[in-house]
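Dear colleague,

Please find the sequence and structure below. I would be grateful if you would read the notes that follow alongside them.

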Amino acid sequence: MQVASYVDEKIKDIASSVPNKSFSEICILTCLNLAAEVFEIREKNARAKQRIKQLLDKLNKKNL
């Protein structure tokens, strides 16, 4: 339910910002925007994992 509500909100946001587009075009734009969000979150996650690994490596070196 939360996912459907989130997607519905995004569709409405895009529909209000591009009123001359068809529903299909709005859905495609929504999909592209959601995919961009996913990629951004994946990148942030990868950077956070790398930073955690670096910090753990530092800690392990200090404990040796």
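Predicted model: local features only at pLDDT ≥ 70, side-chain atom pairs only at ≥ 80, totals over all residues.

Residues are numbered from 1 along each chain as its sequence is written, and side-chain values use heavy atoms, with hydrogens and water left out.

The whole structure holds four salt bridges (a side-chain nitrogen of Lys or Arg within 4 Å of a carboxyl oxygen of Asp or Glu). One of them joins Asp8 to Lys12, with the closest N and O atoms 3.1 Å apart; both residues lie in helix H1 (residues 2-17), four residues apart. Helices are DSSP runs of H or I, at least four residues, numbered from the N terminus. Lys12 is exposed at 53% relative accessible area, whereas Asp8 is partly exposed at 36% (buried is under 20%, exposed over 50%, partly exposed in between, with a 1.4 Å probe and protein chains only).

In helix H2, Asp57 forms a salt bridge with Lys53, the closest N and O atoms being 3.2 Å apart.

Thr30, in helix H2 (residues 23-63), is buried at 2%. Beyond its neighbours within four places in sequence, Thr30 contacts Val7, Lys10, Ile11 and Ile14 (heavy atoms within 4.5 Å).

Finally, Arg42 lies over the face of Phe39, 5.8 Å from the ring centre (CZ of Arg, or NZ of Lys, within 6 Å of the centre and within 35 degrees of the ring normal).

With kind regards

Methods: Helix = DSSP H or I, 4+ residues; strand = E, 2+ residues; numbered from the N terminus.
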